Amino acid sequence: MCGIVGFTGAAQAAPILLDGLAKLEYRGYDSAGMAVQNAAGKIEVVKAKGRLKVLSEMTDGGSAVPGSCGIGHTRWATHGEPSVINAHPHYSRDQKIAVVHNGIIENFLPLKEFLLKQGKTFRSETDTEVIANLLEYYYEQKNDLRKAVRLTLGRIEGSYALGILCADRPDSMIAVKKDSPLIFGFGEGENFIASDVPAILPYTRSVVYLNDGDMVVFTKNAAQFYDAN
């Protein structure tokens, strides 16, 4: 089972993401990656096949990827072979949205066909890239990321825990879940998401377990929770 860690705060995100992912290695994985948003809002994605150590060495322990908001992921291949291209996070076509995903999207093929007709492009063999491009499709229409997330969730079938970054929303993140575990951690001037408590125990002991259909929209100083309605 894959692992997710997300952080936004005053500290550098990448070292915290790597530390959290290391605490989730027990879940098993074949590749790892992270997306970090810098002060200008640009989202940089770095991915590696193999052990988490490879990603850590690539990024000098995270110091080579500056920014205080980010998501990290360890992947266990379901759609597509273990590779750098198939590793998470996945960008939308315009690279304004980055997504990490645990779970399986059962109807990704018809959604992919729909998105190709809308001019979207795909780099990987994964079902997750469909989510990134569907988010972009609805975000272009609504110019509201939360609405785009809800519309996307209305189209996909299957299980998911998602961490979502958008270049237009610096230091902000959205997380949602259905049938895959995800927790939210409250900190002092920083907030977290993770697949399991050990990933964020060094930083906070105040956590909430998200229920199916829950969405949390958060920055380092605030969090808004929504249920499926």
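Buried means under 20% relative accessible area, exposed over 50%, and partly exposed in between (1.4 Å probe, protein chains only). The model is predicted: local features need pLDDT of at least 70, side-chain atom pairs count only at pLDDT 80 or more, and totals for chains, interfaces and linings use all residues. Residues are numbered from 1 along each chain as its sequence is written, and side-chain values use heavy atoms, with hydrogens and water left out.

- The N-terminal end of α5 is capped by Asp-144, a side-chain oxygen of which lies 3.0 Å from the backbone nitrogen of Arg-146.

**Aromatic rings**
- Rings of Phe, Tyr and Trp (its six-membered ring) pair if their centres lie within 6.5 Å, and planes under 30 degrees apart count as stacked, over 60 as edge-to-face and the rest as tilted; the count by this rule is eight aromatic pairs.
- Phe-184 and Phe-186 form an edge-to-face pair, 4.8 Å centre to centre with 80° between the planes.
- Phe-184 is buried at 0% relative accessibility, whereas Phe-186 is partly exposed at 34%.
- The rings of Phe-192 and Tyr-203 are stacked, with centres 5.5 Å apart and planes at 25°.
- Ring pairs link Phe-184, Phe-186, Phe-218 and Phe-225 into a cluster.

**Salt bridges**
- The structure holds eleven salt bridges, each a side-chain nitrogen of Lys or Arg within 4 Å of a carboxyl oxygen of Asp or Glu.
- Lys-96 and Asp-168 meet in a salt bridge at 3.0 Å, N to O; Lys-96 lies in the loop between β5 (90-91) and β6 and Asp-168 in the loop between β7 and β8, 72 residues apart.
- In the salt bridge between Asp-212 and Lys-177, the closest N and O atoms are 2.9 Å apart.
- Asp-212 lies in the loop between β11 and β12 and Lys-177 in strand β8, so the pair ties together parts 35 residues apart in sequence.
- Lys-177 is buried at 10% relative accessible area, whereas Asp-212 is partly exposed at 42%.
- A network of salt bridges links Arg-93, Lys-120, Glu-136 and Glu-140.

Note on methods:
Polar contact = N/O pair within 3.5 Å; in protein donor to acceptor, adjacent residues only side chain to side chain. Helix = DSSP H or I, 4+ residues; strand = E, 2+ residues; numbered from the N terminus.
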